[in-house]
Amino acid sequence: MADSTPPTHTTAHPTPDRPVYVIGGGPGGLSAAYALRARGIRAVVLEKSDHVGASWRRHYDRLHLHTTRRLSALPGLPMPRRFGRWVSRDDVVRYLEKYAEHHRLEIVTGVEVSRVERTPDGTGWLLHATGGRELTGAAVVVATGYNHTPRLPDWPGRSAFTGELLHAGQYRNGKPYAGRDVLVVGVGNTGAEIAVDLVENGASRVRLAVRTVPHIVRRSTAGWAAQYSGILVRRLPVALVDRLCRVQARLALPDLSAHGLPRPDTGLYTRVKQGAIPVQDVGLIDAVRKGRVEIVAAVDSFEDGGKILLADGTRISPDAVIAATGYVRALEHLVGHLDVLDARGRPVVHGARSPKTAPGLHFTGFTNPISGNLREMAIDAVKIAKAIARDGSGSVSRLPG
Ligand SMILES: Cc1cc2nc3c(=O)[nH]c(=O)nc-3n(C[C@H](O)[C@H](O)[C@H](O)COP(=O)(O)OP(=O)(O)OC[C@H]3O[C@@H](n4cnc5c(N)ncnc54)[C@H](O)[C@@H]3O)c2cc1C
């Protein structure tokens, strides 16, 4: 039975029967809901956990934004100055809670959407959600994020490993690893920061397994945030930006080749376009130079007796392995049948544009822009609301004026 009335509301509104459903109560979903509301369009956020900002609540303790406070705020509410320039994880969560409250967003928690499909008459969208619910909306914004489903490589022998093996998503802080020998796998921003955190919390040995040498940038140089450069260069030709970054890196960063981190052959912006954002230095360079974080080859396989075989043939026996190997977008079950994902499971379009085959279906937050994801989601939210107001003007529910 199709029931278009959402279940429990945290904020009550009159219930015109075809809202825009926003799937996910993270920064992307909240900002889209606000932007729709600002245009007088009723938006209902469906969030599977019990709170907004669920991803941020799970992140490790020492995490701070590496984008500036000012350029990380969502539309319609600045972040307070007292949060400082680099906002802590807890303050991001506080901000998201405040954001939902301040804009009086209509949020339904504890509801997971499992599948999105066209209504049989083709005039809207039918969402299948927790408890057999079926919700009908005029348009849908998918804002489920890409850091909820850990990607743990299927290393041969992994299940027989006798040491501790966890994904970075389960890591909170370095205290449980004091005095222990730890291998961190993967040198994205998360792996790099966890390695430093382990050193600072007294791990006896920290090794960082690297498959592809990363680009490393300073979060800020003489007060100039790396994010500013990211914004300035994002429309320049890729080859030019690659060259500029190469020169800048030679001037600003030490050569770590002797420590196992040579300068990458592929340009920084080329890598970004391939989906790999540079590592912001929050202590890795210093730790590598001092030998407190040792760079080792990628993991090949796990062997009996707690041993790990690395790609260069070395065998090591750490007490614990932390896999900072990223996340999968996991959009297949939700929208895969609508022919809106590319071969890598990414939405074919995002922001204001809907896929040709799915008018009124929008995606936000599934890119990894050099200029900062929060900033881009804030910009996209306004564009999505404008597109929905324009294209769905006759079918979306409007709030009383
Ligand atoms: C460690 C880390 C640090 C980052 N630091 C920065 C930074 O400094 N600056 C920056 O600009 N960006 C940063 N990002 C990137 C990005 O801004 C964040 O990941 C941001 O939280 C993404 O927002 P989102 O709304 O797209 O996804 P999320 O924050 O992941 O929110 C998605 C929400 O959807 C819910 N959900 C998922 N599936 C369903 C479903 N089927 N039904 C209902 N609800 C569902 C989840 O519970 C979650 O609450 C960082 C990312 C990570 C992982």
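This briefing covers the domain division, the domain interface and the nonpolar cores of the structure above. The model is predicted. Its protein chain is divided into domain 1 (20-148 + 329-391) and domain 2 (150-323).

**Domain interface**

- The C-alpha centres of domain 1 and domain 2 are 29 Å apart.
- Contact between the domains involves 23 residues of domain 1 and 29 residues of domain 2.
- About 2200 Å² is buried between the two domains, and carbon and sulfur atoms give 50% of this area.
- On the domain 1 side, the residues that lose the most area to domain 2 are Tyr 60, Arg 62 and Ile 370, which together account for 36% of what that side buries.

**Polar interactions**

- The interface of domain 1 and domain 2 holds 4 salt bridges.
- Across this interface there are also 12 residue pairs in polar contact, both residues being at pLDDT 80 or more.
- A salt bridge joins Arg 234 and Glu 376, with 3.9 Å between the closest N and O atoms.

**Nonpolar cores**

- The largest nonpolar core comprises 72 residues, and Tyr 95, Leu 198, Leu 208, Leu 284, Val 293, Ile 322 and Ile 388 have the most contacts inside it.
- Helix 10 (residues 373-391) supplies the largest share of this core, 7 residues.
- Leaving aside residues up to four places away in sequence, Leu 208 touches several residues, among them Leu 183, Val 187, Ala 195, Leu 284, Val 293 and Ile 295.

Note on methods. Residues are numbered from 1 along each chain as its sequence is written. This is a predicted model: local features need pLDDT of at least 70, side-chain atom pairs count only at pLDDT 80 or more; totals for chains, interfaces and linings use all residues. Side-chain values use heavy atoms; hydrogens and water are left out. A nonpolar core is a set of buried Ala, Val, Leu, Ile, Met, Phe, Trp, Tyr and Cys residues joined through side-chain atoms within 4.5 Å. Buried means under 20% relative accessible area, exposed over 50%, partly exposed in between (1.4 Å probe, protein chains only). Helices (H or I, at least four residues) and strands (E, at least two) are DSSP runs, numbered from the N terminus. Contact means heavy atoms within 4.5 Å. Domain bounds come from an automatic or database domain assignment. Buried area is the accessible area (1.4 Å probe) that two parts lose on being put together, summed over both. A salt bridge is a side-chain nitrogen of Lys or Arg within 4 Å of a carboxyl oxygen of Asp or Glu. A polar contact is a pair of N or O atoms within 3.5 Å; within protein, one must be able to donate a hydrogen and the other to accept it, and residues adjacent in sequence count only if both atoms are side-chain atoms.
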